[in-house]
Amino acid sequence: MILVLTVISFLAGGTLAYVNKVTQGPIAEINARNLQDGIKKVILGSQSGDLKVEASVESGGYTLYKTNKETAVKAVANGFGGPLEVLVGFDTNGNILGYTILSTSETPGLGVKAETWFQKGGKGNIIGKNPGKKALVVTKDGGDVDAITASTITSRAFLSAVNAAYQAFKGKEDDAVSGASTHRSHAETDRNVNDSIHE
């Protein structure tokens, strides 16, 4: 019996290792493509044109992507269901050009509304606002951004990530331009980020 269990465990472990090896590359490519699409979305929106990431700078848990046009910043905050990863595009003055949710564990039907709720035309629209002039805070906490209905915690987490992204943008913008602090901690995901992003 011990021999049988040992053989089964060995075969199961080998199978899992093989599957992981086979899927690792495609998953990294998908993540890189999603990141490229996200950078284009938060900077260009629906505008046509090409976008090229000139440098990526990671510091303090944030990642800045300096492009030939503007800058995108990836930030993470803890929401109701877990980490909420947000990518925000800023113009040179710090105004929000756009955003996208890269990953979320929020409640389907409620917290996931953050993907559209804060977009232009949404009830909590933050597009065009500048967190440097006034931090983004929900109305329940004295701010002027409408929280997602029945999802105040998610809304707070989202706005916290956007405010943090702005601080990273202002604090590391010069490094992103010079490339002095450029490095990668997610090499597989970012492998193709410096390629041109086409429509």
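**Notebook: salt bridges, a hairpin and a surface patch**

I started at Asp144, which counts as partly exposed at 38% relative accessibility. The model I am reading is a predicted one.

Next I looked up the partners of Asp144. Its side chain meets that of Lys129 in a salt bridge, 3.9 Å from N to O. Both residues lie in the loop between α2 and α3, so the pair ties together parts that are 15 residues apart in sequence. Asp144 also forms a salt bridge with Lys134, with the closest N and O atoms 3.6 Å apart. Here too I found both residues in the loop between α2 and α3, 10 residues apart. I noted Lys129, Lys134 and Asp144 as a network of salt bridges. Lys129 is partly exposed at 26% relative accessibility, and Lys134 is partly exposed at 47%.

I then checked the total, which comes to 4 salt bridges. One of them joins Lys41 and Glu115 at 3.2 Å, N to O. This pair links distant parts of the chain: Lys41 sits in helix α1 and Glu115 in helix α2, 74 residues apart. I logged Lys41 as partly exposed at 39% and Glu115 as partly exposed at 23%.

Strands came next. β1 (residues 51–59) and β2 (residues 62–67) pair in the antiparallel sense over 6 bridges. Val53 stands opposite Thr67 in β2. The two strands form a hairpin with 2 residues between them, and Gly60 in the turn has a positive phi of about 60 degrees.

Last, I looked at the surface. Met1, Val4, Leu5 and Ile8 make a nonpolar patch of about 460 Å². Met1 is found in the segment before α1. I marked Met1 as exposed because its relative accessibility is 81%.

How values were computed. Residues numbered from 1 in each chain as written. Predicted model: local features only at pLDDT ≥ 70, side-chain atom pairs only at ≥ 80, totals over all residues. Heavy atoms only, no water. Patch = residues over 30% accessible without salt bridge, like charges linked within 9 Å, V, L, I, M, F, W, Y side chains within 5 Å. Areas by Shrake-Rupley, 256 points an atom, 1.4 Å probe, with all protein chains shown as cover. Helix = DSSP H or I, 4+ residues; strand = E, 2+ residues; numbered from the N terminus. Buried < 20%, exposed > 50% of the residue type's maximum accessible area, 1.4 Å probe, protein only. Pairing = 2+ DSSP bridges.
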